[in-house]
Amino acid sequence: MSLLKQPIININFIGFMSAIYSFIFIFTSGHMEFISILSHGETLNSAFWNGWSNFLRTGNMRFIGYLIIGLTIAIIIFILIKRRKKYDEYQVSILSKSLLVAGTLSILMIPFMMILVLSDSNYAVEIIFLFASVQWVSVLVSYLVYVIKF
């Protein structure tokens with residue numbers, strides 16, 4: 001927990017992970033090899049999954065990558081504006097609890113993701129990208145709320 005006291009450590013972690021996620025989302029967006037592994041046609045009678053698959057197929061995943069970049073820049077700006085030397089114990093406690101909740105939710109989502117993949121493997125790539133999008137954007141939004149509030 002002593003690492004969480006350093007704002008620069010938080011900036012590096014958020015920046016590094018966001019760079020990876022945004023690179024994946026922007027690079028794969030519209031890439032023909034990525035499009036070829038998406039499910040073809042309306043395999044399921046589900047408007048949600050067919051709509052998500054079409055969203056990915058048309059290359060709109062880059063907008064999620066841009067959203068990740070924007071949220072990360074906002075977080076870094078708010079951290080730098082406040083210019084704290086170190087977070088106090090109260091702030092570290094809140095930050096560690098929010099990271100624990102995000103990690104727990106990610107771990108709990110894995111069995112549900114596996115059930116979805118096993119029920120229809122045609123949408124496996126779509127499920128993984130939906131999971132990654134929801135998980136990391138949720139972490140960034142909660143971190144942004146934390147940075148603004150505290």
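**Figure 1. Aromatic pairs in the predicted model.** In this predicted model, the structure holds 10 aromatic pairs, where rings of Phe, Tyr and Trp (its six-membered ring) pair if their centres lie within 6.5 Å, and planes under 30 degrees apart count as stacked, over 60 as edge-to-face and the rest as tilted. The rings of Trp52 and Phe55 have centres 5.3 Å apart and planes at 15°, so this pair is stacked. Ring pairs also link Phe13, Tyr21, Phe25, Phe34, Phe129 and Trp136 into a cluster. Residues are numbered from 1 along each chain as its sequence is written, and side-chain values use heavy atoms, with hydrogens and water left out. Because the model is predicted, local features need pLDDT of at least 70 and side-chain atom pairs count only at pLDDT 80 or more, while totals for chains, interfaces and linings use all residues.

**Figure 2. Trp52 and Phe55 in helix α3.** Both residues lie in helix α3 (residues 47-57), three residues apart, about one turn of the helix. Trp52, at 12% relative accessibility, counts as buried, whereas Phe55, at 25%, counts as partly exposed; buried means under 20% relative accessible area, exposed over 50%, and partly exposed in between (1.4 Å probe, protein chains only).

**Figure 3. The largest pocket and its lining.** The volume of the largest pocket is about 160 Å³, a pocket being, on a 1 Å grid over the protein atoms alone, an open set of points where a 1.4 Å probe fits, with protein on both sides within 12 Å along at least five of seven lines, and lining residues having an atom within 4 Å of a point. Ser98, Val101, Ala102, Leu105, Ser106, Met109, Val134, Gln135, Ser138, Val139 and Ser142 line the largest pocket, and the elements that give two or more residues to this lining are α5 and α6 (124-149). Helix α5 gives the most, with six residues. By class, the lining has six nonpolar, five polar and no charged residues.

Figure 4. The protein chain has six helices and zero strands, helices being DSSP runs (H or I) of at least four residues and strands (E) of at least two, numbered from the N terminus. The mean pLDDT (the predictor's confidence in each residue, from 0 to 100) of the protein chain is 83, and 89% of its residues reach 70 or more. Where pLDDT is low, the predicted coordinates should not be read in detail.

Methods:
Grid points are joined across faces, edges and corners, and a volume is the space filled by probe spheres set on the points. Ala, Val, Leu, Ile, Met, Phe, Trp, Tyr, Cys and Pro count as nonpolar, Asp, Glu, Lys and Arg as charged, and the others, Gly among them, as polar.
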